[in-house]
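Hi everyone, thanks for coming. Let me put the chain up on the screen, and then I'll walk you through its disulfides, its aromatic pairs and its cores.

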Amino acid sequence: MMTKTLKYGITIFIGLVLGAVAGLSGAKNPSSSLPSSDLPSSYLAQSVERGLLTTTQGSQINIRSGPGIEYNSLHYGIVGDRVEILDSQRENTSDIYSRRWHRVRFVESGAVGWVRGDLLLQTPDSVSNACHQSLTEVKNNINNVRNAFLYGIIVENNSLSPVRGKPNELVLVVGGPGEDSILSSSELMQTISEQLIQHCGTISSVKIASNNSGWHHVFGLINDRVQPFECVDTGPGNQLRWGQYYCGL
C-alpha cells in the first residue's frame with residue numbers, strides 16, 4: 001500500500017540519523033581528527049545518536065571530507081567502530097534517488113568525517129561478527145538489483161515482540177528507481193529476513209521500507225518461523241498485535 005508520508009526518506013534524516021555496531025578502535029590516521037572542542041556548540045548541547053560502522057571483517061571504510069566518493073579520504077574505520085552521528089545529507093540534494101551520507105565523530109579518537117549510509121548501522125548496541133557479515137551479504141544482494149541500493153540500516157525496539165531475548169526490529173531502507181523490484185519480491189524479502197533474524201541475535205522482525213514513499217513490508221518470527229506480517233489499516237481502537245503492522249507509515 002502506498003502513502004506519501006516520508007518516514008525513512010528525506011524527513012527522518014534531517015539532523016541526526018543512521019548508526020552502527022560494536023566499538024573496536026577509533027578512526028585510523030588520527031592526524032585528520034577534529035578535537036571535540038571544535039564541534040559546533042549546538043551539537044555539544046544535545047544528545048547524540050550513535051552507530052557502528054558495518055562491513056566485511058578485515059575491510060577498511062573510507063572516511064571522507066564530504067558527502068560523496070569524489071571527496072578526499074581523510075582516514076578510515078573498520079567494522080564495529082563506534083561513532084556519533086552529527087549530520088546527514090544526500091549525495092546530490094536535487095536527486096531523490098541519490099545515496100545518503102552521514103557526518104560522524106569516532107567515539108574513541110574524536111576523528112570526524114563522512115561515511116555512506118549503507119556502511120553505518122544505527123544502533124547504540126553491539127552486534128556480532130556474524131550479523132555484520134549478514135548485513136554485508138544483504139547489502140550486496142540489494143545493490144545487485146538493477147537501479148536499487150541499500151540506503152540505510154536502523155535498529156529499533158519493538159515493544160510488541162514476544163520473542164525472548166529478541167526485542168528489536170531491523171529496518172532496511174532501500175532507494176533508487178529499482179526499489180520497487182525489491183518491495184515487489186516476496187521471495188527476496190523473505191530470504192533477507194531469514195538471514196538477518198538468524199544471525200543478528202536481538203532481531204525478531206525485519207522491516208524493508210522505501211526511502212521515498214510509505215511502501216514497506218515486515219517479516220518476523222511466528223511459531224519459530226520467519227513469516228510475512230499482516231498489513232492492517234489504522235483506525236479507532238485498532239491496536240496492533242504481533243504479526244501485524246500498519247500499512248501506512
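Let's start with a bond: Cys131 and Cys200 form a disulfide, with their sulfur atoms 2.0 Å apart; the term stands for a pair of cysteine sulfur atoms within 2.5 Å. Before going further, a word on the model: it is predicted, so local features need pLDDT of at least 70 and side-chain atom pairs count only at pLDDT 80 or more, while totals for chains, interfaces and linings use all residues. Residues are numbered from 1 along each chain as its sequence is written, and side-chain values use heavy atoms, with hydrogens and water left out.

Back to our cysteines. The torsion about the S-S bond of Cys131 and Cys200 is about 90°, so this disulfide is right-handed. The pair links distant parts of the chain, 69 residues apart: Cys131 sits in helix α2 (residues 129–143), and Cys200 in the loop between α4 (186–199) and β10 (203–210). Helices (H or I, at least four residues) and strands (E, at least two) are DSSP runs, numbered from the N terminus. Both Cys131 and Cys200 are buried; buried means under 20% relative accessible area, exposed over 50%, and partly exposed in between, with a 1.4 Å probe and protein chains only.

How many disulfides does a search of the whole structure find? It finds 2. The other one joins Cys231 to Cys247, S to S 1.7 Å. Cys231 lies in strand β13 (residues 230–232) and Cys247 in the segment after β14 (244–246), so the pair ties together parts that are 16 residues apart in sequence. Is Cys247 buried or exposed? At 7% relative accessibility, Cys247 counts as buried, whereas Cys231, at 32%, counts as partly exposed. With bonded cysteines counted along the chain, the pattern is 1-2, 3-4.

Now the aromatics. The structure holds 2 aromatic pairs. In one of them, the rings of Phe229 and Trp242 have their centres 4.9 Å apart and their planes at 75°, so the pair is edge-to-face. The rule here is that rings of Phe, Tyr and Trp (its six-membered ring) pair if their centres lie within 6.5 Å; planes under 30 degrees apart count as stacked, over 60 as edge-to-face and the rest as tilted. This pair also links distant parts of the chain, 13 residues apart: Phe229 is in the loop between β12 (225–228) and β13, and Trp242 in the loop between β13 and β14. Phe229 counts as buried, at 8% relative accessibility.

On to the cores. A nonpolar core is a set of buried Ala, Val, Leu, Ile, Met, Phe, Trp, Tyr and Cys residues joined through side-chain atoms within 4.5 Å. Which of the 27 residues in the largest nonpolar core touch the most other members? They are Ile142, Leu170, Leu172, Leu196, Val206 and Ile208. The elements giving two or more residues to this core are α2, β8 (149–157), β9 (168–175), α3 (179–183), α4, β10 and β11 (216–222). A second, separate core of 11 residues includes Phe106, Ala111, Val115 and Leu120.

To finish, the whole chain. It has 4 helices and 14 strands, and buried residues make up 49% of its 249 residues. Thanks, and I'm happy to take questions!
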